[in-house]
Amino acid sequence: TIDSGATIANSGTATGFGVVHQITSASDATLYAVGITNSTSDHAGSIAYTITPTATAHKVIIQFTIPQVKINTDVGGLRMRLYRDIGGAGYAHVTALDGTATSQKQGALFGNYDVSGDGNRSSLAMSGTVIDSPNTTSEVSYKFFFGAGDGSNTIFVNRTKNDADNNFTHRTRTHCTLMEVTV
């Protein structure tokens with residue numbers, strides 16, 4: 001118990017709980033029409049969100065919201081995966097954050113099979129918090145990549161398929177916050 005107005009002197013390093021070392025945040029209002037080439041390919045659908053960890057043991061908490069995603073077909077297998085680039089070496093799929101792939105079912109951070117709506121509606125909003133362990137002190141960049149399990153297709157991000165000039169058609173912005181932490 002500490003009396004009101006009292007102070008405590010820190011004589012060492014605090015341990016045993018998480019510490020936030022830095023936070024970066026950005027948003028992306030780009031209206032993407034992502035061309036998907038086949039059922040196993042992924043294509044970038046966001047800007048890069050970047051952080052440079054100060055220690056290799058630190059983790060990166062990724063909080064994101066992608067308010068509007070629509071696949072071109074009214075019924076289609078949409079997926080989203082997180083990709084990471086460490087030190088400019090090129091983007092690679094962070095498979096540790098995906099669900100378990102079996103047989104023809106592919107692992108993904110997010111996925112759905114849209115069975116309703118038309119070209120003026122968004123089929124999915126994606127939001128979440130995940131923790132990555134990049135194990136580096138080099139700059140780390142993250143991007144959201146999209147794919148379609150039903151093959152060649154187009155996925156629209158931050159907009160509807162038709163992007164019609166109507167008061168019921170909305171354009172959105174993707175948000176992402178990165179936090180370097182020890183846990």
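**Before starting**

The model is predicted: local features require pLDDT of at least 70, side-chain atom pairs count only at pLDDT 80 or more, and totals for chains, interfaces and linings use all residues. Residues are numbered from 1 along each chain as its sequence is written, and side-chain values use heavy atoms, with hydrogens and water left out.

**Stop 1: the whole chain**

Display the protein chain as a cartoon. It contains 12 strands and zero helices; strands (E, at least two residues) and helices (H or I, at least four) are DSSP runs, numbered from the N terminus. Followed along the sequence, the pattern reads β-β-β-β-β-β-β-β-β-β-β-β.

Next, colour by accessibility. Of the 183 residues, 38% count as buried, where buried means under 20% relative accessible area, exposed over 50%, and partly exposed in between (1.4 Å probe, protein chains only).

If contacts (heavy atoms within 4.5 Å) are drawn between residues at least 6 apart in sequence, 83% of them join residues at least 24 apart.

**Stop 2: strand β10**

Select residues 140-148, which form strand β10. Eight of these nine residues are buried, so the strand is largely enclosed by the rest of the structure.

- Strand β3 (residues 43-44) pairs with β10 in the antiparallel sense over two bridges; Ala44 has Phe145 as its bridge partner.
- Strand β4 (residues 49-51) runs antiparallel to β10 and is joined to it by three bridges; here Thr50 is partnered by Ser141.
- Strand β6 (residues 76-86) is also antiparallel to β10, with nine bridges between them; Arg81 stands opposite Phe145.

Is Arg81 buried or exposed? At 8% relative accessibility, Arg81 counts as buried.

Five salt bridges are present in the structure, a salt bridge being a side-chain nitrogen of Lys or Arg within 4 Å of a carboxyl oxygen of Asp or Glu. Select Asp42: its side chain meets that of Arg81 in a salt bridge (2.8 Å, N to O). This pair links distant parts of the chain, 39 residues apart, as Asp42 is in the loop between β2 (32-36) and β3. Asp42 is buried, as is Arg81.

Then select Asp98, which forms a salt bridge with Arg81, the closest N and O atoms being 3.9 Å apart. Asp98 lies in the loop between β7 (92-93) and β8 (110-114) and Arg81 in strand β6, so the pair ties together parts that are 17 residues apart in sequence. With 16% relative accessibility, Asp98 counts as buried.

**Stop 3: Arg84 and Asp132**

Remain on strand β6 and select Arg84 together with Asp132. Their side chains meet in a salt bridge (2.7 Å, N to O). Asp132 belongs to strand β9 (residues 124-132) and Arg84 to strand β6, so this pair ties together parts 48 residues apart in sequence. Asp132 is buried, with a relative accessible area of 5%, whereas Arg84 is partly exposed at 21%.

**Final selection**

Finish by showing Asp42, Arg79, Arg81 and Asp98 together: salt bridges that share partners join these residues into one network.

Terms used: Pairing = 2+ DSSP bridges.
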